[in-house]
Amino acid sequence: MKEFLTKYWIVILLAGNIFQQYYFLGFLGDYFFYGALLIGVLLLAPHISELFSQDYISRYSVIYCFLFVLIGYQFIFGWFYIWPKTITYIISKCVISLLMVYILSTNSKFYEYDFFKYIPFVTAILLVIGYFTYNIEIQGRNTLGFTNQNSTGAIASISCGIILIQSWKNKINWVVMLVCLWGVLMSGSRTAMGILFIAVIIKFGFNKKLIFSGLAILLFVFVVLPELNIQFSGIDRFT
């Protein structure tokens, strides 16, 4: 049981975060999220000394620097703004960050090769279900089942970027990627569009081929689509 929880703890945590942002699953979100935190504390306790060893700190220095800045900033500049929820927030960040270090170091192959395959599929399914069951449109921006448009765009863009970067080239993955891209455009989130742009640069680099391809896409988006009377708020908000 311990091995199972250690391997899939990040999956449980991620599920809790997604459920909190999805209208029909919101009531499960807190159970998954705080349940994952409780399990995380129990899993983390036996390995505290190991996680603060010189080997771990040097291998995952970015995480430890983040925690140092987070705690230092809060207790130096935010001393007069500390509330009970602030302490809970800091403890949660520390537990999540340290446990991710431990789990990724012990189950690196699973999270590198298998874990990311499922996120885009789950996202695509939630987007389609949300469109037909609980979609709120405000000024052309759609929630597609999520609690707000920015959550929709963030989750959809990350899922789309995963498939793009991983180069999974089969018909099912192309359909899933297009559904996630549709979710980004329907959400009208500029941050989500920025995430997609970063994913494209990570995948192809910044070169002449990318520039010419980008110009062709812009021509299609801003000239061809309007002529066909097809509009997305995610594009309109950039014009």
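This is a predicted model: local features need pLDDT of at least 70, side-chain atom pairs count only at pLDDT 80 or more; totals for chains, interfaces and linings use all residues.

The questions and answers below go from the overall fold to single residues.

Visitor: What share of the residues in the chain is buried?
Guide: A residue is called buried when its relative accessible area is under 20%. The chain has 239 residues, and the buried part of them comes to 38%.

Visitor: Which element gives the most to the lining of the second largest pocket?
Guide: This pocket has a volume of about 630 Å³, and 23 residues line it, with I10, L13, L14, N17 and M100 nearest its centre. Two or more lining residues come from each of α1 (2-21), α6, α7 (108-133) and α8 (149-166). The element that gives the most, with 7 residues, is α6.

Visitor: How many residues in the lining of the second largest pocket are nonpolar?
Guide: The lining is made of 23 residues in total. Among them 1 is charged and 5 are polar, and the nonpolar ones number 17.

Visitor: Is F77 buried or exposed?
Guide: F77 sits in the loop between α5 (61-76) and α6 (84-106). Together with F68, V69, Y73 and I76, F77 makes a nonpolar surface patch of about 660 Å². The cut-off for exposed is over 50% relative accessible area. F77 has a relative accessibility of 58%, so F77 is exposed.

Visitor: Which residue forms a salt bridge with R59?
Guide: The count for this model comes to 1 salt bridge. Its closest N and O atoms are 3.3 Å apart, and the partner of R59 is D55.

Visitor: About how many helical turns separate R59 and D55?
Guide: R59 is partly exposed at 45% relative accessible area, and D55 is partly exposed at 42%. Both belong to helix α4 (residues 54-59). Because they are 4 residues apart in that helix, the separation is about one helical turn.

Visitor: How far apart are the C-alpha atoms of S97 and I63?
Guide: S97 belongs to helix α6. At 10% relative accessibility, S97 counts as buried. Along the sequence, S97 and I63 are 34 residues apart, yet the distance between their C-alpha atoms is 6.8 Å.

Visitor: What distance separates the C-alpha atoms of L196 and L164?
Guide: L196 is found in helix α10 (residues 190-204). With 12% relative accessibility, L196 counts as buried. L196 and L164 are 32 residues apart along the chain, and their C-alpha atoms are separated by 9.2 Å.

Terms used. Residues are numbered from 1 along each chain as its sequence is written. Side-chain values use heavy atoms; hydrogens and water are left out. Patches are made of residues with over 30% relative accessible area and no salt bridge: like charges are joined within 9 Å, nonpolar side chains (Val, Leu, Ile, Met, Phe, Trp, Tyr) within 5 Å. Accessible areas come from the Shrake-Rupley method with a 1.4 Å probe; for residues, only the protein chains shown count as cover. A salt bridge is a side-chain nitrogen of Lys or Arg within 4 Å of a carboxyl oxygen of Asp or Glu. Buried means under 20% relative accessible area, exposed over 50%, partly exposed in between (1.4 Å probe, protein chains only). On a 1 Å grid over the protein atoms alone, a cavity is a set of points where a 1.4 Å probe fits but cannot get out, and a pocket is an open set with protein on both sides within 12 Å along at least five of seven lines; lining residues have an atom within 4 Å of a point. Grid points are joined across faces, edges and corners, and a volume is the space filled by probe spheres set on the points. Ala, Val, Leu, Ile, Met, Phe, Trp, Tyr, Cys and Pro count as nonpolar, Asp, Glu, Lys and Arg as charged, and the others, Gly among them, as polar.
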